[in-house]
Structures are given as structure tokens and as C-alpha cells.
Amino acid sequence: MPIRQADVEALPISWRARLDAAEIQQALRMAPGASVWNPASLEYAIALPWRHRHEIVHVAELAAIRDPERLLRGVSAAASEAGAKLTLVVEVDEKRPESFYTRCGFEHLEQVVTFRMDTRRDTAHALPRTLRFDAVHPFDDATRAILIGLDHAAFPWLWWNSEAEFLTYSVLPGVATWIGYDGATPVSYIGVTMAEEWGHIDRIAVDPTRQGEGFGWQTLAAAINAMARHGVRTVGLSTQSTNERSQRLYRRFGFERTRDTDYDLWGDIIHRAPGLDLQATERAGSPRGR
Ligand SMILES: CC(C)(COP(=O)(O)OP(=O)(O)OC[C@H]1O[C@@H](n2cnc3c(N)ncnc32)[C@H](O)[C@@H]1OP(=O)(O)O)[C@@H](O)C(=O)NCCC(=O)NCCS
């Protein structure tokens, strides 16, 4: 049954749990009605909006040893009842067999694969550059509209960044975002995080009508050169295993696979009505709900 605020003190929150009582209370406020527990066994599952998107929740904690299947089915049903279009399990720390997810009505959505490169590697960063890159702050409404336009046009629905995500992301320490302009036209954007000698490409997108013109390469090169100037030596990134285009770009650029940090996404789309098109982009129209 759904967890209410008053139930939280009854939950047996282990020292190994990802979320403490205060974080669970916050999760109950952020995704109302989507977290569930079994008062008899005290097993529980906590749902949170995924990347600040309320139409997608992810299971941030599945504290169930005896009957995790019941809990996962429960959180999926409760989230759906509460209005979520999709419930995700993002398997970063733990691995469960496919048969477990199948029994719960989930299916494999994506494998996220990771790459790394050394910025001191001799790659062709100093190519002719035709784009102008402006560092941006998403608190500016016009800039945020450009970022969201590029993002939603380039990525499938599942990976869209919400306004709230851009705003939260942009104030994280070490984060920098640039928009690439061809003349006055925005054609790409890239977001990175820098922490001393380590850096991460969080996001790169090129307007789909302008892909294949070398803008992805230029955008990546501009960001990596800026990171290297800040002292970053190792850059990591991740992409979908099915995203061959981005992987080709990264490999040509000098990135190498780092398999130990790959992870999987499972989603309860089996329960969802036909029409929830995870591949839809803004141009193709918004995905239909249930
Ligand atoms: C991935 C993405 C950013 C690539 O952008 P793009 O502008 O199409 O990329 P480019 O035109 O720079 O590169 C395309 C190709 O030219 C190559 N290329 C471009 N400039 C080059 C250069 N100067 N020298 C050598 N190769 C070059 C790239 O390696 C790539 O090879 P391919 O033709 O075999 O695919 C773009 O497809 C996109 O926005 N996709 C949707 C969002 C996404 O998936 N983002 C990444 C996942 S996190």
C-alpha cells in the first residue's frame, strides 16, 4: 500500500539504505502516492521523479529481500495510479536477472555504455571551427528555451531534460554549458562537469536538421579544449548502447569504452497502453499517455 508521511518512522531503514528518513519524506512529497510498503513485512519501495520529470518515476530504493517482486509490482501500479507514464529501475549498483523484471512486468529499455579519454591524447581538436560557442546560464528564459528546443528535438522522449533538470543541473558545482551558433542560429549544445583533473560530458546534442555536418565534432572539441584549459585530464561520458552515431563520434575522437561503469534501465512499459513511444521526439509529436 502507498506509504504516508506518518508511516516513515515504522520503516526499518538500514544503515546500508540509500535514502534516510528525511529523504524518504522528501520523496513522498516529490512523487506523491508512488512509494509503497508492506506493513506486515515492513518491506518498502521508494519512487522519485526521474531527472525532475514527474511523468517518469524511478525506484530509488527497493528495500525488500523476501518479496521484491511484489514491491516492484506495487510501486509500478501505485505510480501509474498517481499519474506517472513510466516507472524505471536504473540498475547502477545492483543487478537482478531479466526473469525477475519479466515477472514484475518490466522490460529492458536501454543499456547505458560508458567511455573515457585522456585530454592529453593527440586528437584532432584544432580543426577549423565554424561555430561560435557561448557559455550559457539556463536561468535566462530565452537561453533555456533554446536548450530545451535543441534537447527535445535531438533526444527521444525518455531522455528529454526538463526545465527543472536544466535549472538544477546548471547550479551544480563545476557545471558549464555552451550553445554552438552557426551565425545567429543555435545548432548544438553541450553540458559538462569539471572537478579538478576529472571531467564529464553530461550532454551533447546537435539539431537533427544539422547533423552530419561536423557540428557534433566541433562541439565536443570546444568543450574538451575548454576542460583541458581548466586542468581536466580525464574525461568520461555515457551514451545509449544503441546510439551508434554518438559512439562513432566518441571513438573517432579518441574515447575508449569503460565497461565496468555501464548500467541498465528497466521500465514497466509492458503495462502501459500502446502509444507510449519512447523514441518520439518533439518533432514527431509528444508521446501519448495511457
Ligand atoms: C551524436 C551527435 C551529437 C553527433 O552530432 P553530428 O553533428 O551529427 O556529428 P558530426 O557531424 O560532427 O559527426 C558525424 C560524423 O562525422 C565524423 N566527423 C565529423 N567531423 C569530423 C572531422 N573533422 N574529422 C573526422 N571525422 C569527423 C564523425 O566522427 C561522425 O562519423 P560518421 O559519419 O561515421 O557518423 C548527434 O547525432 C545528436 O545530437 N544526436 C542526438 C543526441 C545524442 O544522441 N547525443 C549523444 C548521446 S549522450
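Which residues does Val113 touch, not counting residues up to four places away in sequence? That was my way into this structure, which is a predicted model.

**Entry 1: Val113**

I found Val113 in strand β5, which covers residues 107–118. I then listed its contacts beyond four places in sequence: Ser238, Thr239, Ser241, Arg257 and Asp262. I also looked up Leu237, which is 124 residues from Val113 in sequence, yet the two C-alpha atoms are 8.5 Å apart in space. Is Val113 buried or exposed? I counted 21 C-beta neighbours inside 10 Å, and the cut-off for buried is 20 or more, so Val113 counts as buried.

**Entry 2: the two domains**

Next I stepped back to see how the chain is divided. Domain 1 takes in residues 5–106, and domain 2 takes in 115–263. I noted 31 Å between their C-alpha centres. How many residues of domain 1 are in contact with domain 2? I found 6 residues of domain 1 in contact with 6 residues of domain 2. On the domain 1 side, the touching residues are 3 charged, 2 nonpolar and 1 polar.

**Entry 3: helix α1**

I turned to helix α1, residues 21–30, and found Ile24, Ala27 and Leu28 buried there. Why do these buried residues line one face of the helix? Looking down the axis of α1, I saw that they fall within an arc of 100°, so they share one face. On the face turned away from the buried side, I noted the exposed residues Ala22 and Arg29. What do the buried residues of α1 pack against? I found them packed against β2 (43–50) and β3 (53–63).

**Entry 4: the nonpolar cores**

From there I went to the largest nonpolar core, which has 35 residues. Which of them touch the most other members? My list reads Tyr44, Ala45, Ala47, Val57 and Val75. Elements that each supply at least two residues of this core include α1, β2, β3 and α2 (68–81). I noted that β2 gives the most, with 6 residues. There is also a second, separate core of 27 residues, and Leu150, Ile190, Val232 and Leu237 are included in it.

Leaving out residues up to four places away in sequence, Val57 touches Ala31, Ala34, Ala47, Leu48, Pro49, Trp50, Ala79, Ala84 and Thr87.

I looked up Leu42 in the loop between β1 and β2. Its phi is near 65°, a positive value in a residue other than glycine. I made a note that most residues other than glycine have a negative phi. Leu42 has 13 C-beta neighbours inside 10 Å, so I put it down as partly exposed.

His52 sits in the loop between β2 and β3. I read a positive phi of about 65° for His52, although it is not a glycine. With 17 other C-beta atoms within 10 Å, His52 is partly exposed.

Where does Asp67 lie? I found Asp67 in the loop between β3 and α2. It counts as partly exposed, with 13 C-beta neighbours inside 10 Å. Beyond four places in sequence, Asp67 is in contact with Ser41 and Glu43. Asp67 and Ser41 are 26 residues apart in sequence, and I noted 9.0 Å between their C-alpha atoms.

**Entry 5: Trp160**

I located Trp160 in the loop between α4 (141–154) and α5 (163–170).

**Entry 6: around the ligand**

Last, I went to the ligand. How many residues surround it? I counted 21, and the closest are Gln211, Gly214, Gly216, Trp217 and Ser246. β9 (198–206), α6 (215–229) and α7 (244–253) each supply at least two residues of the shell. The largest share, 5 residues, comes from α7. By class, I wrote down 10 nonpolar, 7 polar and 4 charged residues in the shell.

Terms used: Residues are numbered from 1 along each chain as its sequence is written. This is a predicted model: local features need pLDDT of at least 70, side-chain atom pairs count only at pLDDT 80 or more; totals for chains, interfaces and linings use all residues. Domain bounds come from an automatic or database domain assignment. Two residues are in contact if their C-beta atoms, placed from the backbone, lie within 7 Å. Ala, Val, Leu, Ile, Met, Phe, Trp, Tyr, Cys and Pro count as nonpolar, Asp, Glu, Lys and Arg as charged, and the others, Gly among them, as polar. A residue is near a molecule or strand if its C-beta atom, placed from the backbone, lies within 6 Å of it. Helices (H or I, at least four residues) and strands (E, at least two) are DSSP runs, numbered from the N terminus. A residue is buried if 20 or more other C-beta atoms lie within 10 Å of its own, exposed if 12 or fewer, and partly exposed in between; C-beta atoms are placed from the backbone. The arc is that of the directions from the helix axis to the C-beta atoms. A nonpolar core is a set of buried Ala, Val, Leu, Ile, Met, Phe, Trp, Tyr and Cys residues joined through C-beta atoms within 7 Å.
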